[in-house]
Every structure is written in C-alpha cells, then in structure tokens.
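Please read the following report alongside the sequence and the three-dimensional view, and look up each residue as it is named.

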Amino acid sequence: MKLTSQQLDRACGALLATAAGDALGAGYEFGAPMPPETPVAMIGGGLGPFAPGEWTDDTSMAIAIAEIAATGADLRDEASQDRLIDRWNQWRAVARDIGVQTSSVLSSAARSGSTAAAAREAAASHHRSGGRSGGNGSLMRTAPVALAYLDDEAALVQAARAISVLTHYDPEAADACVLWCAAIRHAVLTGELDVRIGLGHIDAERRTLWEDRIVEAENSRPRDFTRNGWVVHALQGAWSAIVTTAVPGDDPAAGTFRADHLRLALEAAVRGGHDTDTVAAIAGGLLGAAHGASAVPAHWRRILHGWPGLRTPDLIRLATAIATGPLHSPVDYTGWGGTEALARHPHDDGVWIGGVDALLHRPDGVDAVVSLCRIPEVELGGVECVEVRLIDRVDANPHLDFVLLDSVRAVEELRAQGRTVLLHCVSAQSRTPTVAALYGARRAGIGVGQALAEVLAALPAADPNADFRAALRRLDPDTD
Ligand SMILES: [Mg+2]
C-alpha cells in the first residue's frame, strides 16, 4: 500500500513498540502492581532470564507472523499458516519462555504433523478438555497482522481471527484480536486512538459485552485487571494504561512532549503488574501505531533485541516490507554533494560530525554512530549504530522537537559510556548541524544560537532548514 511518510512511521511504530513494551515488562513478569512513582526500566531478568532490552515470546511470535507477511503472502492462506506453525516451532525449540496454552497446543499439534489444521484441532481439543482457552497469547502477537491489511479492513478481520484460532479456540481471543487489529489499522492510517472502531466486526450477541468492557477499562486503572493472563483483562489493562495516561502537552523548553505518551503509557501498563510484558506488548502495538516509531526513545531502541537475532533496524525493515511491499531499492547516495564533510565537534573532542562517507571511512577511535538518515549497507565491524528517523524537509517530522532532543540524549548516553561518536547524515547540511548544535549547547552550557554558529564554523557548507532552526529556538527559548 502507498503510505505517507507519517503513516509509514506509525506502521513501523506498531511493531517496534510491541517489542519495546514486551522488553520493558519482561523484568517484572508476575510481580505485584507498582505505585505510579516506581521507576520502570528495561532491566531484563524475568522468566528467561532475559538480558536488558531483550524481548520475550510475545514479540518472537509476532516476528514469525511479520516475516511471512513481509514476503507478501496472504496470512489467510492455509500455506501461509502452515509456514507460520513451522516458524513458531523453530522458535519454540530455542525459546526461553512460552505461554502455557500456546505450548500445549503447539506440542500436541506437533504429534499430528505440525500443520495449521493440526494446530486448530489441537486448540479446539485444548478448549474442550479444559473448558477454557481464552489466554492472552494470540492478542499479544497480533500487531503485524494489522500491518498486512492496511488497505483492506474486511480481509484484516478474517486474518486476525484466522491467526488467533491457530492456538486459541475461544471466540473471546479472536474478538480481542479483531478489535485490536482494527484499532491499530485505524491508528496507522489516521494517528487516532479509537479502540471502538472495530466493534462492528464483533458478533451482535457479544458486541454490547465488549462495549461495556471498554467503558470499564476507561474507568479503571491497569492494576484493577488482575487476571490479565486472560485475554479480556489483558486488553482492558492495555486500553486502561493508554487512556488513563495523560497525553503531555508539547513543552520543548521543559523537555516534555506529546510523544512521551508512548513511553509513559507503557510504563503504566507494566505497573499494572502480573503479566506485565504481555499487557505492555499489547499496549505497545496500538501506542506505536498512533504515535509512530519516532516516538520510541533512542535509549530503548539501542538495547532492544531478541529472537531470531534481530534489533531495532530489523523491526523497522520488517514493518516497512509488510506495510508497503517487499521490494525496496537499496539506499544509494551517489551523486549527492557534501557527503565527504567531516569535522570534530567544536564542543567535544569525542564527537565527530559529518556526511555519510564518514560511515565508511570512520575516524580512528569511533566506536559508535548516530545516523540521522537512512544508511546504505556497509560493514560496521561491530560498531554500534543508532538509526534516527529524521527527514530533512519542512513539516515532515511528526515529533521533530522530541526526536532532536532524543538524538542528543543518545549522543550524551554514548559519551557517558566512554564511547567516541560519529554523528552524521547524508551531506551534513541540515540534520547533523542541528543535532550537533543542541548537543553543544547542553555540553558547553551556552545558548543554542552560539552553539550553532560554532558548529557552522566547523562545517562551512552547512545550512539547517528553517524548520530545524525554529525547533532549536523552541528547545532553547533563552537563546539569542
Ligand atoms: Mg512474554
């Protein structure tokens, strides 16, 4: 589907924030609810035990769906679902945690050939034998399904149900997946948060029940949904975290932004306790779809990782391929001017600033890169690269002020860890000097106007666009 740049950012956000919520909640799984002032961080531990920033079964199962959708395959096809069961089994062989219901269904399906048909039959049999099968395990992995059908809501409803019933026979689980996928699709297309948008796809006899549950979520706290291993309480806990977390007003000078809602609501989801990673993964799918990948803090993007050996840029590439099609031309800056620009930062010897050529010809000692543009395929030899989505066009960045400050914080964090940083974009024309000026102002304790003048003296060809210059003034209103 042809998406605007902002819609694509939101499509990527759905998958990235699923992973972020999952990794944030991982260290608190099955813990008690926490008060609002308790700090929440990607501490790792939990059931794995997991490394800080590592995602768990929620995201791993979603990635298997995403990989298949990214090939352009229709998730409603039996062949696609057979491949999915196969991929889930590959993950299950090395998984460090797996939900009880999913584990039971996939292992009994394995005894009858591990096809999608065998999984559906095992799920039904699990339901009949225990009388219930409404775990949250199909809702937690559902975000990529929405990305595959942004252009076809009716197909999305069919696919959401079809992928849910592979492991979860209970119609409550499929209803929840339909509601959440419809809300994610709507958020990607419009930027709006509306969990009611898919109610028309729920069978009439259950629709009022779901309407009442949504109202209950809006009038409760996440911690009130104590049985959040159940799909209904998991959805209610996630929606409660989203709607009861106030959306901050933009106050760049104070360092608070509307984009912070994504982080604050995920923290609230985790503080609800019990199945923390799953509720936050569910919340993340919808929050990311509404606010975009650019609202996910760099501090989180740096450390996110998990099965099958993926990191943040891989999730972005997967989501992009699902939402816009599998064929993408490689990034190529041949013919662009200024790509060879390179200078030491005037306020910090441990930071280099320049154009994209510096990525290939890194100055001695550089062991971390902050890229403010899409980067070509280059061998980075283990050097960490923080990729930032920043577009050098007026009005093209949904969270411009947040992203500028967040990128500066990423450089500050790397420097605090003793790293030598290359900060670059394509031509060091607009993006690099803007972020470098804000970094320099904070580092040297000077006004951002003076910092920019000194950065521009080091990069004589640079000339930030008017949008970026205005953002710098908003971020430091005391400047001259
Ligand atoms: Mg988990």
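This is a predicted model: local features need pLDDT of at least 70, side-chain atom pairs count only at pLDDT 80 or more; totals for chains, interfaces and linings use all residues.

## Two aromatic pairs

How many aromatic pairs does a search of the whole structure find? The search finds two. In one of them, the ring centres of Phe257 and Phe402 are 5.7 Å apart and the planes stand at 75°, so the pair is edge-to-face. This pair also links distant parts of the chain: Phe257 is in the loop between helix H10 (231–244) and helix H11 (260–271), while Phe402 is in helix H16 (residues 400–416), 145 residues apart. Phe257 is buried, with a relative accessible area of 1%, and Phe402 is buried too, with a value of 3%.

The rings of Tyr333 and Trp336 have their centres 5.2 Å apart and their planes at 85°, so this pair is likewise edge-to-face. Tyr333 counts as buried at 16% relative accessibility, whereas Trp336, with a relative accessible area of 45%, is partly exposed.

## The surroundings of Glu172

Glu172 lies in helix H8, and at 14% relative accessibility Glu172 counts as buried. Which residues is Glu172 in contact with, leaving aside its neighbours within four places in sequence? The contacts are Trp210, Arg213, Trp230, Val231 and Val232. Of these residues, Val232 is 60 residues from Glu172 in sequence, yet the two are 7.2 Å apart in space, C-alpha to C-alpha.

Two of the contacts of Glu172, namely Trp210 and Arg213, also form an arrangement of their own, in which the charged end of Arg213 sits over the ring of Trp210, 4.7 Å from the centre of that ring.

## The nonpolar core

The largest nonpolar core has 161 residues, and among these Trp88, Val145 and Trp180 touch the most other members. Helix H8 (residues 171–190) gives the most to this core, with eleven residues. Domain 1 (5–324) and domain 2 (342–475) both give residues to the core, so the core lies between them.

Trp88 can be followed in detail. Leaving aside its neighbours within four places in sequence, Trp88 is in contact with Met61, Ala64, Ile65, Leu106, Arg141, Ile163, Leu166 and Thr167.

## The two domains

Where do the bounds of the domains fall in the domain assignment of the protein chain? The assignment gives domain 1 as residues 5–324 and domain 2 as residues 342–475. The centres of domain 1 and domain 2, taken over C-alpha atoms, are separated by 33 Å. The contact between them takes 21 residues from domain 1 and 24 residues from domain 2.

How values were computed. Residues are numbered from 1 along each chain as its sequence is written. Side-chain values use heavy atoms; hydrogens and water are left out. Rings of Phe, Tyr and Trp (its six-membered ring) pair if their centres lie within 6.5 Å; planes under 30 degrees apart count as stacked, over 60 as edge-to-face and the rest as tilted. Helices (H or I, at least four residues) and strands (E, at least two) are DSSP runs, numbered from the N terminus. Buried means under 20% relative accessible area, exposed over 50%, partly exposed in between (1.4 Å probe, protein chains only). A charge sits over a ring if NZ of Lys or CZ of Arg is within 6 Å of the ring centre and within 35 degrees of the ring normal. A nonpolar core is a set of buried Ala, Val, Leu, Ile, Met, Phe, Trp, Tyr and Cys residues joined through side-chain atoms within 4.5 Å. Domain bounds come from an automatic or database domain assignment. Contact means heavy atoms within 4.5 Å.
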